[in-house]
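This briefing concerns the sheets and pockets of one protein model. Please consult the sequence and the structure shown here while reading.

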Amino acid sequence: MPRTRPAPLPRELPDVGTVRRRARAGAGLAAGLLMLPFAAAGLAEAATALGLLTCPLAFLLFGVLCEERPPARHSATRMTARTLTGVRSVDLNHITSIRLLTTFSYGSTYRTVVVRDGHGVRLGVTSAAGRRALNKALERQTGDRTPQRPRVSRAARACLGTGRPGHLAVHTVLVFLAQVGAICAYLVAVIEVGGIG
């Protein structure tokens with residue numbers, strides 16, 4: 001079966017308000033999926049079944065809403081990529097925060113470096129080219145005498161190769177425990193609402 005090429009990125013980028021509105025709509029959809037079983041609490045067994053179905057979907061959706069998809073453009077000043085909620089473009093000269101989003105699936109660990117710029121636009125960087133561009137932008141921005149330096153988490157520094165690897169291990173263990181705890185608490189709440197427990 002021949003591979004199809006993804007559509008090229010548009011020349012005109014959407015404005016920041018449109019990007020943020022789409023991101024909020026996607027997050028609202030994921031939150032709605034999590035709350036759906038509690039809205040159907042009158043139908044006991046249906047609420048439990050609905051909760052068992054929507055919980056994995058919502059957790060999956062939260063993780064991939066801002067993740068970059070091919071094609072992506074990485075320049076010295078801007079990183080542009082297609083996401084589930086549309087095209088996003090991050091200004092690499094005005095980075096405000098960088099953090100690491102870690103998810104687990106089928107025995108694998110997936111790491112996404114989430115970058116937020118001064119306009120509030122977030123982009124999840126997964127490609128090696130994106131991480132290289134991000135490292136160069138961080139070197140430039142921390143080398144400047146700007147009063148506001150970007151906040152970079154220890155785990156994100158370790159994932160980008162500029163921090164200590166021990167921070168990445170601690171982050172992975174803590175995120176795994178937090179995700180397992182959150183999923184268990186959610187399932188217990190859904191089962192209680194469903195009247196099974």
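Strands β4 and β5 run antiparallel and are joined by ten bridges. The model is predicted: local features need pLDDT of at least 70, side-chain atom pairs count only at pLDDT 80 or more, and totals for chains, interfaces and linings use all residues. Residues are numbered from 1 along each chain as its sequence is written, and side-chain values use heavy atoms, with hydrogens and water left out.

**Four-stranded sheet**

- Strands β4 and β5 belong to an open sheet of four strands in the order β6-β5-β4-β7, with mixed pairing; two strands count as paired if DSSP finds at least two bridges between them.
- The edge strands of this sheet are β6 (122-125) and β7 (151-152), each of which pairs on one side only.
- Strands (E, at least two residues) and helices (H or I, at least four residues) are DSSP runs, numbered from the N terminus.
- Ile95 has Asp117 in β5 as its bridge partner.

**Three-stranded sheet**

- A further open sheet holds three strands in the order β1-β2-β3, and its pairing is antiparallel.
- Its edges are formed by β1 (69-74) and β3 (86-91), each pairing on one side only.
- Neighbouring strands of this sheet are turned by 15 degrees against each other on average, direction ignored; the axes are lines fitted to C-alpha atoms, and angles run from 0 to 180 degrees between N-to-C directions.
- Six bridges link β2 (residues 78-83) to β3 in the antiparallel sense, and Ala81 stands opposite Arg88 in β3.

**Largest pocket**

- A pocket is an open set of points on a 1 Å grid over the protein atoms alone, where a 1.4 Å probe fits, with protein on both sides within 12 Å along at least five of seven lines; lining residues have an atom within 4 Å of a point.
- The largest pocket holds about 550 Å³ of space, a volume being the space filled by probe spheres set on the points.
- Its lining comprises 23 residues, and Phe59, Leu60, Thr103, Phe104 and Gln179 lie nearest its centre.
- At least two lining residues come from each of α2 (44-64), β4 (95-105), β5 (108-117) and α5 (165-194).
- The lining divides into 15 nonpolar, seven polar and one charged residue; Ala, Val, Leu, Ile, Met, Phe, Trp, Tyr, Cys and Pro count as nonpolar, Asp, Glu, Lys and Arg as charged, and the others, Gly among them, as polar.

**Second largest pocket**

- About 150 Å³ of space lies in the second largest pocket.
- Its lining consists of Val19, Arg20, Ala23, Arg24, Arg88, Arg116, Gly120, Val121 and Arg122.
- Helix α1 (residues 16-39) supplies the largest share of this lining, four residues.
- By class, five of the lining residues are charged, three nonpolar and one polar.
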